[in-house]
Amino acid sequence: MFVAVVCELGSDDNREELHALLRQYGFEQVYRDLYESMTIKENVLPRLKRDLDRRTDSYDRIRIYQYPLEGTLIITSLHNKRWRKTVLRR
């Protein structure tokens, strides 16, 4: 499964902490605030979301793009400390 994580962070302290966390999960940095992984497992994503939620504040925004997951593109976003999920089907 392909997973990309895009971060829009309010402080540099959060940026360093989140980037270190994403590297621990096996993500590779593509651009400054964009990470990708082709090897992450679906059952690891809830734990990743929980860890990201713990390390962010209400000013931070995170989007997670998952493809393919049951033939769909799933976009999960964290905004104002709330997760929202969008499912795009063919």
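## Close-up views of a predicted model

**View 1. P68 and its cis peptide bond.** P68 sits in strand β4. This is a predicted model. The peptide bond that runs from Y67 to P68 is cis. Its omega angle is near -20°. Strand β4 itself spans residues 61-69.

**View 2. Helices α1 and α2 pack together.** Helix α1 covers residues 12-24, and helix α2 covers residues 45-54. Their axes lie 10 Å apart. The angle between the two helices is about 165°. Angles over 145 degrees count as roughly antiparallel, so α1 and α2 are roughly antiparallel to each other. Their crossing is right-handed. From α1, the contact uses L18, L21 and L22. From α2, it uses L48, D51 and L52. By class, five of the contact residues are nonpolar and one is charged, with no polar residue.

**View 3. The largest nonpolar core.** This core holds 18 residues. Which of them touch the most other members? They are V5, L22, F27, L48 and L52. Four elements, β1, α1, α2 and β4, each supply at least two residues of the core. In soluble globular proteins, nonpolar side chains tend to be buried together.

**View 4. The surroundings of V5.** Strand β1 spans residues 2-8. Set aside the neighbours of V5 within four places in sequence, and V5 is still in contact with L22, F27, D33, L34, Y35, I62, R63 and I64. Among these partners, L22 and F27 are also listed with V5 as residues that touch the most other core members.

**View 5. G10 in a loop.** G10 is found in the loop between β1 and α1. Is G10 buried or exposed? Its relative accessibility is 57%, so G10 counts as exposed. G10 and L73 are 63 residues apart in sequence. In space, their C-alpha atoms are 27 Å apart.

**View 6. N80 and K81, between two strands.** N80 lies in the loop between β5 (72-79) and β6 (82-89). K81 is also in the loop between β5 and β6. What is the phi of N80? It is near 55°, a positive value in a residue other than glycine. For K81, phi is near 60°, again positive in a residue other than glycine. N80 has a relative accessible area of 45% and is partly exposed. K81 is partly exposed too, with a relative accessible area of 34%.

How values were computed. Residues numbered from 1 in each chain as written. Predicted model: local features only at pLDDT ≥ 70, side-chain atom pairs only at ≥ 80, totals over all residues. Heavy atoms only, no water. Axes fitted to C-alpha atoms, helices over the stretch in contact; angles between N-to-C directions. Parallel < 35°, antiparallel > 145°, perpendicular 65-115°, else oblique. Left-handed = near helix turned anticlockwise from the far one by under 90°. Contact = heavy atoms within 4.5 Å. Nonpolar A, V, L, I, M, F, W, Y, C, P; charged D, E, K, R; others polar. Buried < 20%, exposed > 50% of the residue type's maximum accessible area, 1.4 Å probe, protein only. Core = buried A, V, L, I, M, F, W, Y, C linked by side-chain atoms within 4.5 Å.
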